[in-house]
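Student: Hey, can we go through this one together? I'd like to take it piece by piece.

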Amino acid sequence: MATQSWTPKRAAAKSRRKIEAMRKLYLDVAYIWGDEDNYIVLLVDKALSSLDEMKEAIAEAAEVETS
């Protein structure tokens, strides 16, 4: 298997896809627990906020690296 040459732009794109996959999983958990336990939904909301922050940080880092 050939090794990939990672560029900031490429790493950011792959990271965005992974973050979106995590977002979908978190939303599935919130949907399952939504009627049973609001605390879990609250924790999912916090996790989603963290994912948003991570996504922004990755975009900024990739932008700085490509400048």
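Student: Which helix does Arg 23 lie in?
Tutor: Arg 23 is part of helix 1, residues 8–33. Helices here are DSSP runs (H or I, at least four residues), numbered from the N terminus. Keep in mind that this is a predicted model: local features need pLDDT of at least 70, side-chain atom pairs count only at pLDDT 80 or more, and totals for chains, interfaces and linings use all residues. Residues are numbered from 1 along each chain as its sequence is written, and side-chain values use heavy atoms, with hydrogens and water left out.

Student: And why does Arg 23 count as buried?
Tutor: Because its relative accessibility is 18%, and buried means under 20% relative accessible area (exposed is over 50%, partly exposed in between; 1.4 Å probe, protein chains only).

Student: What does Arg 23 touch?
Tutor: Leu 48, Leu 51 and Asp 52, leaving out residues up to four places away in sequence. Contact means heavy atoms within 4.5 Å.

Student: Which residues are buried in helix 1?
Tutor: Ala 12, Ile 19, Arg 23 and Ala 30.

Student: New topic: how many helices and strands are in the chain?
Tutor: Two helices and zero strands.

Student: What about Arg 10, where does its charged end sit?
Tutor: Over the ring of Trp 6, 5.5 Å from the ring's centre. The rule is NZ of Lys or CZ of Arg within 6 Å of the ring centre and within 35 degrees of the ring normal.

Student: Last one: what does the C-alpha trace span?
Tutor: About 45 × 30 × 10 Å along the principal axes of the chain.
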